[in-house]
Amino acid sequence: MTEKRPTDQQPAKLRLAIVGAGPAGIYAADILLKAERNFEVSIDLFDHLPAPYGLVRYGVAPDHPRIKGIITALRDVLDRGDIRIFGNVRFGVDITLDDLRKHYNAVIFATGAVRDADLRIPGIDLVGSYGAAKFVSWFDGHPDYPRIWPLEAKQVAVIGNGNVALDVARILAKHADDLLPTEIPANVYDGLKASPVTDVHIFGRRGPTSVKFTPLELRELGELPDVDIVVYDEDFDYDDAARAAVASNKQVFVIDKVLGKWRERAHKLAEDPQAGASRRLHLHFFAKPLELIDDGTGRVGGIRYERTAPDGQGGVVGTGEIRELPVQAVYRAVGYFGSPLPGVPFDKKHGVIPNREGQVLSKGDPSSGAGSANQQLYGVYATGWIKRGPVGLIGHTKSDAMETVRHLINDLGNWWRPESPSEESIVALLEERGVEYTNLDGWHRLDQHEQALGGAEGRVRIKLVPRDEMVAISRASAPAAPVAV
């Protein structure tokens, strides 16, 4: 049955729910509050984690203080006090889409994409084969992941040529003591400190001029103390397409220049191996992973890959030359993928909520409340990676949110007409269900607690990891750490 469009008098106030308190959700809230409109706005942010900021807190390596600086801007938005936060609330469990319809005029989903994309090669399920997203969540102290990570390999492979691959490789190769100035959790420091790793190998099937790294991320590799960057001359026999990319694209030009300096250093190390560092980070281009090799016990023992070559048009073709490299662990960093939300349409092929410029579409799902395929599902919107897929940097979510918010405002006549729109009603619902939700004051308590933990050790912050401890501190049911003086 096709969902009915509301036809009664237009509401004078928008009660909006946003599911996801990361950059995408916070940007959407801020943009709406600042937008030109002829109605009042009341916004509630919901997140399954007890603390806000999403990807910035749990998806960015701890040694990226410049990127982490985005939190300052997000904090300024939340601290204005015109947006409520309900943390530790699981959509689909603690609240449902039907609940939101009863209490709000509309909802924006900003839940991101946090699963690892698949890499379908033989051996990918061997012990010692990991998804990068899970490793990132571990070293960022995500409360829903185990405290211990198996760091037992001396030689490690990282598959991928994007910034996540660089993050993973850098954290694996970097000495743990060099991470102490960051907010790295204590359990992560202990794990990395005990790691026996000597060599980390990054594999990409294309050439150096086709990588997805940003120059900043690449440069940071060369700044790692006691870690040598190893590149191979055979990867720099550029064709016309590669040379044209260097000449016409400033980012590619900078990347080529950085790699050129590392080639010079690699030549010097070849002449005097004794001058080398205790750890090495290898960049393998034109290397297409084919298979992970079983060591005979069901564990990763190596990686088999095919040497590729430029095809003359910016792509690559296989050469038939097969190589093997012994490694004891492999991390795939080939992209993220969105997760379905209960009661919300989902595109399984692309890992996104189907939408038209942020307006969610039914995709012909009878349970969605709309009948025909690609019909707008009134009152439901999406923004961020769950809207467009895991591409672009964090800052790109601003323009993304602007597009979604514009449609939300223009769709005023099609908003839901909630039965119980008061701001107190959702609080009563959560309390009735026994949900131990956290709020902005609770985040401030947790924030101060983490800073106090860090201050006691001469650090800016030590991130608290266990969910129950985060909730207890946030809800003031556990003593906070004493502030260092």
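Student: Which strand order does the seven-stranded open sheet have?

Tutor: In this predicted model, the order is β3-β2-β1-β4-β18-β17-β16, and the pairing is mixed.

Student: Which strands stand at the edges there?

Tutor: The edges are formed by β3 (83–86) and β16 (355–356). Each has a single partner strand, so one side of each is left without a neighbour in the sheet.

Student: In which sense do β2 and β3 pair, parallel or antiparallel?

Tutor: Strand β2, residues 40–46, pairs with β3 in the parallel sense, over four bridges. Phenylalanine 46 has phenylalanine 86 of β3 opposite to it.

Student: Which strands does helix α1 lie across?

Tutor: Helix α1 (residues 23–34) lies across β1 (13–19), β2, β3 and β4 (106–109). Relative to β2, helix α1 runs at about 175°.

Student: Turning to the sheet of six strands, what is its order?

Tutor: This open sheet is arranged as β6-β14-β7-β8-β10-β9, with parallel pairing. Its edge strands are β6 (129–131) and β9 (227–230), each of which pairs on one side only. On average, neighbouring strands of this sheet are turned by 20° against each other, direction ignored.

Student: How many bridges join β6 to β14?

Tutor: Three bridges join β6 to strand β14 (residues 329–332), and the two run parallel. Serine 129 is positioned opposite valine 330 in β14.

Student: Which strands does α7 touch?

Tutor: Helix α7 (residues 163–173) packs on the sheet and touches β7 (155–159), β8 (199–203), β9, β10 (279–284) and β14. The direction of α7 makes about 170° with that of β8.

Student: Now the helices. At what angle do α10 and α11 pack?

Tutor: Helix α10 (residues 240–248) and helix α11 (residues 250–271) pack at about 105°, and their axes are 5 Å apart. The two helices are therefore roughly perpendicular to each other.

Student: Which residues meet in that contact?

Tutor: From α10, Ala245, Val246 and Ser248 meet Lys250, Val252, Phe253 and Asp256 of α11. By class, this contact of α10 with α11 has four nonpolar, one polar and two charged residues.

Student: And how do α15 and α16 cross?

Tutor: The axes of α15 (residues 440–455) and α16 (residues 467–474) cross at roughly 115° and come within 7 Å. That makes α15 roughly perpendicular to α16. The crossing of α15 past α16 is right-handed. Gly442, Arg445, Leu446 and His449 of α15 make the contact with Met470, Ile473 and Ser474 of α16. The residues of the contact of α15 with α16 divide into three nonpolar, three polar and one charged.

Student: Lastly, how many salt bridges does the structure hold?

Tutor: The structure holds 35 salt bridges.

Student: Where do aspartate 98 and arginine 101 sit?

Tutor: Both are in helix α5 (residues 97–103). Because aspartate 98 and arginine 101 are three residues apart in α5, about one helical turn separates them.

Terms used. Residues numbered from 1 in each chain as written. Predicted model: local features only at pLDDT ≥ 70, side-chain atom pairs only at ≥ 80, totals over all residues. Heavy atoms only, no water. Axes fitted to C-alpha atoms, helices over the stretch in contact; angles between N-to-C directions. Parallel < 35°, antiparallel > 145°, perpendicular 65-115°, else oblique. Contact = heavy atoms within 4.5 Å. Nonpolar A, V, L, I, M, F, W, Y, C, P; charged D, E, K, R; others polar. Left-handed = near helix turned anticlockwise from the far one by under 90°. Pairing = 2+ DSSP bridges. Salt bridge = Lys/Arg side-chain N within 4 Å of Asp/Glu carboxyl O.
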